[in-house]
Amino acid sequence: MSTPKKLLWAAVAVLGAVALGIVALQRGEPVNAMWLVIASLSIYAIAYRFYGLFIANRVLGVNPTRQTPAYRHNDGLDYVPTNGYVLYGHHFAAIAGAGPLVGPVLAAQMGYLPGTLWILAGVVFAGAVQDMMVLFLSTRRDGRSLGDMIRSEMGPVAGTVAGIGVLLICVIILAVLALVVVNALKSSPWGTFTVACTIPIAFLMGVYGRFIRPGRIGEMSAIGALLLLAALIFGRTVAETPALAHYFTFAGPQLAVLIIGYGFVASVLPVWLLLAPRDYLSTFLKVGTVALLALGVLIAHPQLQMPAVTRFIDGSGPVWAGSVFPFLFITIACGAVSGWHSLISSGTTPKMIESERQIAFIGYGGMLTESFVAIMAMIGASVIHPGVYFAMNSGAGLIGTTAAHAADVVTQWGFTVTPDMLTQAAHDVGETSILSRTGGAPTLAVGMATIFSSVLGGRSLMAIWYHFAILFEALFILTTVDAGTRVCRFMIQDLVGHAVPAFKSTRAWGNNLIGSALSCLLWGYLLYAGVVDPYGGIWTMWPLFGATNQMLAAIALTLCTVVLYKMKRERWAWVTVVPTVWLVICTVTAGLEKVFSPNPKVGFLSHAEKFSQALASQQVLAPAKSLQEMSRVIFNDYLDAALAALAVSIVIVVVVYGIVRVRQARATPRVTAIEIGGAAMDHG
Amino acid sequence: MDRLRHLWRRAVQTARLMVGVPDYDTYVAHRTTHHPGEPIMSYPEFFRERQRARYGCEGGRISGCC
């Protein structure tokens, strides 16, 4: 490295340290969001240059001359050597979703600092490492999937167990994401109307792109986006006209049933009609909005209203239950480390890598960008008044259903807020109430509306920006629900197909209907239980989602560790061993606490116990309103406990298999990793 | 001007690949060079084939994230 370069990196390091110092140490006065942005960007730059490239070059030993699957199997379709920047876009669009936006918003109940530190440390040492290493492993194995690689490197049992884990995560993710949409749309005719409009708009786009102008993605997306904008603006009229608003005002349980029905119908329709066109809209809207948000933060550089650390650091917070360790580390999943990404990194991306040299840029770099999205979500949640934040994110069981009562409760928590502020905040965004809109999306929408409207439009456009943000999140969550139901269906067919071979055929209509119904039933039940949960659903279910997602990451990192040993690169094994151990400690502790904690707020079993005792003496405990509801609460507690216990056992089984394989690899003097192709490229 | 055109082409390729449709010209070039004389899908056929491959889930592929 030349001297000017050394000086440049030293300057970046000093800048990052100063910015982080300001973010971490400022007390009393509000901090400007720009310091958070500068601190993160400096850390990302240093991490990429000095850790990401170190892992690629030294730990993995990428070989730029080695032939990649894109060349070996080049078919112009699945396997295509692709320009690095183009592929980066593809990879980022695939990994970015609702996760990194929601987690940080929920974590903000402890203040912006704990969450931010975990996002930064997590991505550098765990998340980006996982994404890059799985991408590397899959590239060296013809682009095979995570499950296949676990099967071949760790044995069939570990592979099957991991497969069950993936199905479990899939079901929980679908339920939680659908819950986020329900909470954002309940009693919101404007939001519901706009989101409902995306269905006919998608039909129109689908027909256009299939029959009228086949394959014109740009044209159909432009038409769709314009219609969507019209629906967004007309939504206000719908909300303000009682006769129309009536048709689009739903309570939570009604919306849940609608979404479950929608998920079923959408997953059996032909893909070109609904799923594909809406995927185009949601992908472009997602990437565009993330860019817009970054621009908005840069131009508006808002002050953070949320304190760096709040009193809820002790674990008594109303948004989700539990203390910093282990629950903060599972609340923020996607922005720091997300197991789901290991499925993407072993999906389409490795089949298009032009050279192993790109692996660090796409794998490590892609995850750094995702992490930056999480930082912006944290900023979005922190620029709104903390009182409004807590009123929006606490369940009705805690703060009641009137502005006066909610303001009272939140003020008692130490975040002074008046009923007027809460009604004004709702009025600003064109809603009748913002109380208990748990799930993060509405909070982020208020934050985004605050940032965007300060740049463009002021208060008059705030309601439009809010509903735009809701639409943007609902759109890609519904795309995930649709696509996820199909994936679940496939996995169920695959699992059941072992016992009933006829069920395996994915071309049979009957199988698809049964498979879709089964998968909708699985996530739909969890969704419904979450919607009627008086704590707001998110309170119970988000930790379950976060824990299972992190567990998948632990499984993927275990695979990476095993392969490092099998490659005889154990000298560098700490690179994956450290994050694996940390994730296993966090998720297993969290899982066990969710099952066995004697605190009924945290532990499912003790909560069930408490309610069973009350039920035995014919007593109704809040938030249940009848004895029948009491029984349902108890049943759901046992169900959630079983899910958490299942997740813990899955990760433990895989880790034990990992340790056995590592010992075997150490006892063998030669390289035992099963790679495909080692020939150098024979092309230009 | 050439540079702008090149950047625009890259941007279009990126946007299309984001929704799972690879570059059609590359596909045609590949078929002509490596499989001369064999049939080449028209753009509408190519588009449909790619759509089915992305969302069909055969093989349990997952194309998007939470």
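A:Gln618 is found in the loop between helix H26 (604–616) and helix H27 (627–667) of chain A. Helices (H or I, at least four residues) and strands (E, at least two) are DSSP runs, numbered from the N terminus. Phi of A:Gln618 is positive, near 55°, in a residue other than glycine. A:Gln618 counts as exposed because 8 other C-beta atoms lie within 10 Å. The cut-offs are 20 or more other C-beta atoms within 10 Å for buried, 12 or fewer for exposed, and partly exposed in between, with C-beta atoms placed from the backbone.

The model is predicted: local features need pLDDT of at least 70, side-chain atom pairs count only at pLDDT 80 or more, and totals for chains, interfaces and linings use all residues. Residues are numbered from 1 along each chain as its sequence is written, while chains are lettered from A and ligands numbered from 1 in the order in which they are written.

A:Asp142 also has a positive phi, of about 60°, although it is not a glycine. Its place is the loop between helix H6 (112–139) and helix H7 (146–154) of chain A. With 17 other C-beta atoms within 10 Å, A:Asp142 is partly exposed. The backbone has a further feature at A:Phe325 and A:Pro326, whose peptide bond is cis, with omega near 0°. A:Pro326 lies in helix H14 (residues 324–331) of chain A. Most residues other than glycine have a negative phi, and most peptide bonds are trans.

Chain A as a whole has 27 helices and zero strands. Its radius of gyration, taken over C-alpha atoms, is 25 Å. Along the principal axes, the C-alpha atoms of chain A fill a box of roughly 70 × 65 × 60 Å. Buried residues account for 58% of the 684 residues. Two residues are in contact if their C-beta atoms, placed from the backbone, lie within 7 Å. Among contacts in chain A between residues at least 6 apart in sequence, 80% join residues at least 24 apart.

One helix pair was examined. The axes of H19 (residues 403–412) and H20 (residues 419–428) of chain A come within 8 Å and cross at roughly 120°. Axes are lines fitted to C-alpha atoms, for helices over the stretch in contact, and angles run from 0 to 180 degrees between N-to-C directions. H19(A) and H20(A) are therefore oblique to each other. Angles under 35 degrees count as roughly parallel, over 145 as roughly antiparallel, 65 to 115 as roughly perpendicular and the rest as oblique.

The contact between chains A and B takes 46 residues from chain A and 30 residues from chain B. Elements giving two or more residues to the chain A side include helix H4 (84–95), helix H8 (156–185) and helix H22 (462–497). H22(A) gives the most, with eight residues.

A:Leu77 is found in the loop between helix H3 (69–72) and H4 of chain A. Leaving aside neighbours within four places in sequence, A:Leu77 is in contact with B:Pro22, B:Tyr27 and B:Arg50. A:Leu77 counts as partly exposed, with 17 C-beta neighbours inside 10 Å. The C-alpha atoms of A:Leu77 and A:Ile313 are separated by 51 Å. These two residues are 236 residues apart along the chain.

How values were computed:
Rg over C-alpha atoms; globule rule 2.2 N^0.38 Å.
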